[in-house]
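Subject: Handing over a model

Dear colleague,

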Amino acid sequence: MEVLGIWIAAFLTLCIFSFLYRDNPFYRFAEHLFIGLSVGYSIVVTIHQGFIPLAWEPLSEGVNALQSELTSEGTPETKEALSGLFKIIPIGIGLLFFARLSPRHTWLIRYPIAILIGFTAGAAIPNVLQASIFEQTYGTLTPFAAMHAGSLSTGDIVGAILITIGLICTLVYFFFSVEHQGPVGWLSKVGIAFLMIGFGAAFGNTVMGRVALLIHRVGFLINDWLGSIF
Amino acid sequence: MSKTTQCLIIYLVLCLSIGTAFSQGLAPPSNVAAVDTPNDDGSSITIKWDAAPEDSGISGYQILRRIAGSGLEEVGGMLPAGSTTYVDSTIEKGSAYVYIVRAVTETEATVESEETAPVKGTGEWFHMGKIPLFFGMILFSAAILWNLYDARSGKEIFVRRIPGLEAVDEALGRATEMGRSILYVLGLGQVDNVATIASMTILGQVARRTADYETPLLVPCNDPIVLNVVREMVKSSYLDEGRPDAYNEENIFFLTDSQFAYAAGVDGIMIREKPAAIFLQGTFYAESLIMAETGNSIGAIQIAGTDSEHQLPFFIAACDYTLIGEELYAATAYLSKDPMFLGSLKGQDWGKLVIFAAIVLGVILELSGVNWITTLLQRVR
């Protein structure tokens, strides 16, 4: 059985690699199989990790608890389970997505979309402010406190100064309501130079990671697949 | 009694007396207190105690807790010797707990503190540590609102040239002239992702133009909710342009939510449909180069944009134009020239100016030994 798995994996790997030559039936087969399997898998995962534990179970427990309360058989546990009935609100909002199926009621879909985007954008803004602005500013300024205390090495001092110059110039590059001419233009040019140096380093670093993935795959073909033949 | 037995007895007595002396010298953890963790949802209790002297022989601490009427249980395993706090995040809300801190030596001798007073975890409505963040948001919102008001009252707002966005019309025109489709890829972000929201608003602007030019617009999505939002946005754009008849819902479809299956599918679409223009806008991960290279190989004009800094180098290398980070957020204002978006863009520039000033001032103050800016920032962390 294990050998069969290796053969299937090797065949599909070669099917995908065949795209390097050109589009062909083997690639198309692997592509459609991959997409179909991934969609099927994600549906099962969504049902088991989303729908059942987050919607079905709390709601059905809430309904059962309500029945117990109405028949005066309530216990502290059933009182707690009653909170599951509140799930009807998000479930109801989520069900509005299905309004698309009826052309007359398709406008209803705008409500869950508005709630979702409003909520997620509102939740994201403080996090972005904290993580991308406050944390970064703090991280930029901290070395200068150490510099004042005399506890920073020469290399670290140069690093801190370079980071601050890079940060300020890059920030200038992202000013959109100012014409990039004169000193602003010069600062933004230095900023884009810093960006490109950063991107170059990230490029090299990531390519190394990707080559490692390729080596791993070729290693599978040579050791596991060809190794099972010879 | 033999000499060996005598020696053995003397040895045992000595060991016992040394052990007793040592355990008598081992002081229990002092000033142990359990308090409800501030600024949380009531799901934790913080236990604090005084640091033991370095020569105390303590090798670690154990935390014991009990709910009234039940036995002691250990939580959190062995804490290192220098510990003075522990946050118990495994409590049941509404139950009162008492805690004991047990000091453990290398010889596994133990000594326990007295029980703390019972304490319950209670949630707070407001995280008081976030007040500076709140004021920061108020100021930022005020700057945006001020500029929105300015823009709506007719004041012209300048926006600098962004080459990647100037190429949008060129790309759409090229696709129209060639009679081929436009492929718009939103990446792998979900609807809670800022870059995905920005990408959807750009798509709205692109859709306005494709409605005018009657150019097919293909949008493969990787998230069902994004799919619904995108369909609604594109439909609105076609309606706004007075071309609802040109809108084809089937061109906006769900592919898969799996990263590389999505990349394989998009590659397949590129090879078979041969779109003349490809937009890669949104959140991308390792699949970015696979898509950008395939788009490049079919000779399509490619305009990419993302705030994923690790993918930007690949887009810069493989695409004709790339929107870097913030440029993606500025794109809607740039393309639409809508006063609302332009005012918001200028408000964001004011925000950046404040950050710029804070950094310059902060550096000067830190070098002078005044650190109130870092103290303020530290409070928000």
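This is a predicted model: local features need pLDDT of at least 70, side-chain atom pairs count only at pLDDT 80 or more; totals for chains, interfaces and linings use all residues.

Residues are numbered from 1 along each chain as its sequence is written, while chains are lettered from A and ligands numbered from 1 in the order in which they are written.

In chain B there is an open sheet of 6 strands, ordered 11-10-9-12-13-14 and paired in parallel; strands pair if DSSP finds at least two bridges between them, and helices (H or I, at least four residues) and strands (E, at least two) are DSSP runs numbered from the N terminus. Its edges are strand 11 (252-254) and strand 14 (321-324) of chain B, each of which pairs on one side only. Neighbouring strands of this sheet are turned by 15° against each other on average, with direction ignored, the axes being lines fitted to C-alpha atoms, for helices over the stretch in contact, and angles running from 0 to 180 degrees between N-to-C directions.

Helix 3 (residues 163-178) of chain B packs on the sheet, where it touches strand 9, strand 12 (277-283), strand 13 (301-306) and strand 14 of chain B, and its direction makes about 140° with that of strand 13 of chain B; contact here requires C-beta atoms, placed from the backbone, to lie within 7 Å. Helix 6 (residues 259-273) of chain B also packs on the sheet, touching strand 9, strand 10 and strand 12 of chain B, at about 160° to the direction of strand 10 of chain B.

B:Asn193 is found in the loop between strand 9 and helix 4 (194-213) of chain B. B:Asn193 counts as buried because it has 20 C-beta neighbours inside 10 Å (buried means 20 or more other C-beta atoms within 10 Å, exposed 12 or fewer, and partly exposed in between, with C-beta atoms placed from the backbone).

Between the chains, 55 residues of chain B are in contact with 53 residues of chain A. Helix 10 of chain B gives the largest share of the side of chain B that touches chain A, namely 12 residues.

For chain A, the domain assignment, which is automatic or from a database, gives domain 1 (1-101), domain 2 (110-152) and domain 3 (155-230). The C-alpha centres of domain 1 and domain 2 of chain A lie 33 Å apart.

With best wishes

Key. Two residues are in contact if their C-beta atoms, placed from the backbone, lie within 7 Å.
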